[in-house]
Amino acid sequence: MALGTMEHITPIKEIDSIKDDFTIKVRIIHLWTQKSKFNAKETYSIEMILMDEEGRKIHASCVKKWFPKFKRYLKEDSSIYVKKPNVAPNTLNFKFADPERKLNFYHDTTVKECENFSGSAHGFDFVDFNTFVSNNIMESKSFDIIRHIFEYGRMDTSEEDKSKHKMLLHLQDIEDTKLKVTLWGHNAYYMTEFLANNNSLAPVVVIVQFARVKFINGRPFSSTYFDVSRLLINNDIDEITSYKNKLVSENGQQLSSSGIKMIASKQNTEHDDFLKNHMFSNIDDLFEPLEEKTVIIVGTVKGIRQNIRWYYLACSNCYKSAKEKESSTDKVDGSHEVAEIVTYECSNPNCKNIKISVIPRFKIPLRVQDNTGTLTLTLFDQEAKKLFKYTAKELYDKNKKLDISLDLYPMELKVVVDKKLAIKIDITSYNVDNKSNIYGIARLTKNANIIDELEKKNLNSQHDNSDSFIIGSSDIASQETKVVKDSFSHTGENLTPCARDNSTATSPTKLFSTPTELKRNLATCIDLDEMENLSTSKTPWLSPPDEQPISLLVPKKEK
């Protein structure tokens, strides 16, 4: 019997995993492909959001082995009958359709075109501004927005992965309320191309379908979500036409797209930040900071410290650290016994949420080395995204599920070992006042061109300054400080590291190529009378503070 003549069509709300012989009549309102986890060039499945005539939506999947049977029917905005799809639980953390169930197409499923679908064309579920400010949107559920652009930012392409390239929009509605929306990946490129080529006199109205929101300090920040979100820009559809008409009637005139402003960037481009705006430094210059400043280093990750946790539990509202606290309550079983429960409180006094949830975020102590020394630098969540495929939460949940100690580093973090990085470091007043060499990574890049340019500049700087650091019998800073080539005489007699009289005036000179090397060697050029004072002094000298031996996470050598 043809599907189109089926007597009973099951609405999405009545789909039950107990029954497998049912038919739905739906429109494919969005379709995208999912890549294989093992081969990024290979398509694993076709993913769809289906909507019935009542406007209810459900997520559906068709894996590659069934493409020959179904692919010709699976087109965005087409309507189909689907008989005997398989019902599975919806296990995604972010829900963009039915929160409980999803459908899979398999060998018993039958699909046929539908020519009389009478439901909505797009199934938009717009959210107004008051819903945002009242925090009535669930972060785990998608929503739709329609607004016009009044500012936009430059495309951020600092990541190698194009899906992580992003663009910030400032959107405004008819009531002049504003919302920030971040476009990711192909949606960001679509918007960039549109703004570059569109010279019409109409306002630029956008619809973001299946967007997600995060609340930080009570403020909503919206974004697209991978390939799930759909972006429509000035499309010739009823919803955008109606919005434009209302906008014109409210403003009394057309709004020109050429009047859209570009957002003044608060962050420098990656090229400028690493190559133009800050001074290059070596690691041994960071052991005893003397002034507040921002520097750039180039180093190789040699390992991860094992005696410090790789994550912290963050307040999901403001991302500051959260502390665990125990409390008790009466059990509900009537036994009058007390149940211990674990809750969390945010360490940020300005956080508005009294009851909070926590989320693991990266705080990884990396051991980074250049040719002058090794230093521990803390890698936080924002910059860690540039190096790892997984979030801290995903690795945390995986370890818990496998009953692996959370004090052990997940193997997925080993990919950072032996990577050469350019790293931006902020030396703060705390570092200077406390002579502290504890630093966080403010920004990093693994861009090979930037790293090569930094190393060339540093090498050229060393050559340019080499003539200024020939130490011999010449006077330095009005002191007759002389450095002999060897610390011992040819006869084996011990000599001081520096000449104490003019007897070494004819000694060979030694070339020190950098100010750092000069500083290191001059540190030994002191009077013997002061050696005893230095050995008992608590004042730090030019060497880094003592550190206990630490175990590093390093890859095993192949046999």
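1. Let's start with rings: those of Phe, Tyr and Trp (its six-membered ring) pair if their centres lie within 6.5 Å, and planes under 30 degrees apart count as stacked, over 60 as edge-to-face and the rest as tilted. By that rule W32, F94, F96, Y225 and F226 form one aromatic cluster, and the structure holds 10 aromatic pairs. In one of them, Y225 and F226 have ring centres 4.9 Å apart and planes at 80 degrees, so this pair is edge-to-face.

2. Before going on, please note that this is a predicted model, where local features need pLDDT of at least 70 and side-chain atom pairs count only at pLDDT 80 or more, while totals for chains, interfaces and linings use all residues. Residues are numbered from 1 along each chain as its sequence is written, and side-chain values use heavy atoms, with hydrogens and water left out.

3. Are Y225 and F226 buried or exposed? Buried means under 20% relative accessible area, exposed over 50%, and partly exposed in between (1.4 Å probe, protein chains only). Y225 has 18% relative accessibility, so Y225 counts as buried, whereas F226 is exposed at 63%.

4. Now for the whole protein. There are 11 helices and 26 strands; these are DSSP runs numbered from the N terminus (helices H or I, at least four residues; strands E, at least two). Of the 559 residues, 42% count as buried. Contact means heavy atoms within 4.5 Å, and among contacts with a separation of 6 or more, 66% come from residues 24 or more positions apart.

5. Which residues touch the most other members of the largest nonpolar core? A nonpolar core is a set of buried Ala, Val, Leu, Ile, Met, Phe, Trp, Tyr and Cys residues joined through side-chain atoms within 4.5 Å. The largest has 36 residues, and W310 and I364 touch the most other members. At least two core residues come from each of β16 (293–304), β17 (311–315), β20 (358–370), β21 (373–380), α7 (392–401) and β22 (420–427). A second, separate core of 25 residues includes F143, I149, Y152 and I233.

6. Leaving aside neighbours within four places in sequence, its contacts include R361, F362, I364, L395 and Y409. R361 also lies over the face of Y319, at 4.0 Å from the ring centre. For such a charge, NZ of Lys or CZ of Arg must be within 6 Å of the ring centre and within 35 degrees of the ring normal. Elsewhere, the charged end of R212 sits over the ring of F94, 4.6 Å from its centre.

7. The expected span of a helix is 1.5 Å times one less than its number of residues. With 13 residues, α3 should span 18 Å, and its end C-alpha atoms are 19 Å apart, which agrees. The buried residues of α3 are G185, N187, A188, M191, F194 and L195. Among the elements covering them are β8 (143–152), β10 (178–184) and β11 (205–216).

8. F210 is not a glycine, yet has a positive phi of about 65 degrees. F210 is in strand β11 and counts as buried at 2% relative accessibility. N234, also not a glycine, has a positive phi of about 50 degrees. N234 lies in the loop between β13 and α4 (238–251) and is buried, with a relative accessible area of 18%.
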